[in-house]
Amino acid sequence: TGHTTLDYGFVNTAATQSAITYIDGDAGILRYRGYPIEELAEQKSFLDVAYLLIYGELPSADELGEFDTRIRRHTLLHEDLRRFFDSLPRDAHPMSALSSAVSALSTYYAADHDPHDPRRVELQTIRLLAKLPVIAAYAHKKSIGQAFLYPDNSLSFVENYLKLNFGLMAEEYELNPVMVKALERLLILHADHEQNASTSTVRLVGSTEANLFASVSAGIHALSGPLHGGANEAVLTMLRSIQESGEGVQRFVERVKRKEQGVRLMGFGHRVYKNYDPRAKLVKSSADEVLEALGVSDPLLDIAKELEQVALNDDYFIERKLYPNVDFYTGVIYKAMGFPERMFTVLFAIGRLPGWIAHWREMIDDPQTKIGRPQQLYVGPGERHI
Ligand code: CMC
């Protein structure tokens with residue numbers, strides 16, 4: 001209060017206190033509720049981590065079992081919402097389909113939107129966690145013109161999603177344990193990242209006491225941009241264009257350094273990490289393992305590695321402290337799993353959902369929360385008359 005500071009992009013301004021995620025960008029440290037990301041990715045399931053983010057502690061076996069059962073009970077979409085996808089064009093981007101369907105979801109459970117009724121907030125939390133993967137899979141099926149499957153509640157969260165996404169009506173879907181494990185790990189790495197653009201969006205929308213689904217739908221839109229979650233798709237586009245043009249990694253990097261038409265090295269750089277992104281380290285080590293286990297060899301992975309080496313040894317990137325971020329290697333893994341590029345950011349959204357929910361709930365529960373309302377410095381004309 002009192003005076004206004006100009007801070008484009010909120011580089012220096014904290015908008016909230018938070019007890020969820022800790023990042024030390026200079027040291028390359030990321031912890032969820034105090035636990036290092038490396039330990040969680042190695043030892044825990046995605047639902048363990050979702051529980052940790054939302055409720056603050058890792059679940060006991062019983063607590064996890066109960067959480068899982070509640071989620072499995074809510075996976076079905078209303079039949080009318082299934083048909084909602086019919087109204088979208090066939091070539092709708094799955095990210096747009098995802099946010100639209102989550103927005104539509106808010107019309108179904110309007111009786112439970114009260115943000116100050118903990119029982120209802122809990123119910124909406126479970127509904128959203130259960131239904132987002134189903135919506136994500138339908139967004140995919142829609143984009144390739146295949147029939148939607150119904151969720152199979154004998155399967156775990158990740159297994160169910162993979163079956164809905166890749167399974168076919170008349171065929172048994174065989175789950176690949178390598179894929180299940182790898183996806184579980186990738187979702188954990190995406191599960192929260194404190195006040196990033198999409199989470200800040202969820203909080204800002206939620207600060208008006210708009211409902212959870214509306215807030216998350218807005219967050220999905222924010223995530224879709226290429227400077228945020230959309231970067232994983234953009235990395236693949238970049239790698240492929242380097243491959244197809246045959247221009248070579250070195251010449252591409254020269255163009256980035258000349259800032260030719262704003263071309264950036266996608267998957268590099270981060271607002272808070274001025275060191276190797278700890279998530280990128282884990283993803284990079286997964287990439288080799290997963291491709292080998294799936295029996296895929298992809299020249300794009302070689303281009304990515306070469307690009308990383310060239311950039312890490314170049315003064316332009318060294319001076320600006322630009323390192324690979326989480327999105328740099330994820331696309332290569334998703335591609336090896338069989339996901340089309342347009343689905344990459346949708347996978348990010350499924351991973352980030354627990355973080356969005358945790359922040360929305362933390363914000364609602366914080367007595368200091370006020371409606372988000374930035375100041376501006378007015379630079380337009382002074383008073384004038386017609
Ligand atoms: N390639 C080339 N130059 C870059 C890059 C890049 N990827 N990122 C930053 N720079 C340069 C930028 O041009 C500027 O140089 P100069 O000082 O000469 O003008 C300097 O580095 C600082 O950049 P900035 O844009 O002020 O940094 P920021 O903190 O505002 O932006 C960022 C962070 C992530 C938006 C940016 O690094 C970027 O655009 N990266 C590429 C997109 C990307 O990979 N995004 C995913 C982020 S991680 C996960 C997620 O959030 O989804």
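In this predicted model, helices α5 and α6 cross in a right-handed manner. Helix α5 comprises residues 94-105 and helix α6 residues 118-144; their axes come within 9 Å and cross at roughly 135°. Because of that angle, α5 is classed as oblique to α6. In general, the angle between the axes and the distance between the axes are what describe two packed helices.

The contact itself can be followed residue by residue. From α5, the residues P94, A97, L98, A101, V102 and L105 take part, and they meet K131, I135, A136, A139, H140, K142 and S143 of α6. Sorted by class, this contact has nine nonpolar, two polar and two charged residues.

The sheet is the second topic. Three strands form an open sheet in the order β1-β2-β3, and their pairing is antiparallel. Strands β1 (21-24) and β3 (35-36) are the edge strands, each pairing on one side only. Strands in a sheet pair through backbone hydrogen bonds, in either a parallel or an antiparallel sense.

Four bridges link β1 and β2 in the antiparallel sense, and within this pairing Y22 has R31 of β2 as its bridge partner. Between the two strands, the hairpin has four residues, and G28 adopts a positive phi near 70° there. Strand β2 (residues 29-32) is in turn joined to β3 by two bridges, again antiparallel, with P36 of β3 as the bridge partner of R31.

Side chains in a regular strand alternate between the two faces of the sheet. In β1, T21 and I23 belong to the covered face, whereas Y22 and D24 belong to the uncovered one.

How values were computed. Residues are numbered from 1 along each chain as its sequence is written. This is a predicted model: local features need pLDDT of at least 70, side-chain atom pairs count only at pLDDT 80 or more; totals for chains, interfaces and linings use all residues. Two strands pair if DSSP finds at least two bridges between them. Axes are lines fitted to C-alpha atoms, for helices over the stretch in contact, and angles run from 0 to 180 degrees between N-to-C directions. Angles under 35 degrees count as roughly parallel, over 145 as roughly antiparallel, 65 to 115 as roughly perpendicular and the rest as oblique. A crossing is left-handed if the near helix is turned anticlockwise from the far one by less than a right angle, and right-handed if clockwise. Two residues are in contact if their C-beta atoms, placed from the backbone, lie within 7 Å. Ala, Val, Leu, Ile, Met, Phe, Trp, Tyr, Cys and Pro count as nonpolar, Asp, Glu, Lys and Arg as charged, and the others, Gly among them, as polar. A residue is buried if 20 or more other C-beta atoms lie within 10 Å of its own, exposed if 12 or fewer, and partly exposed in between; C-beta atoms are placed from the backbone.
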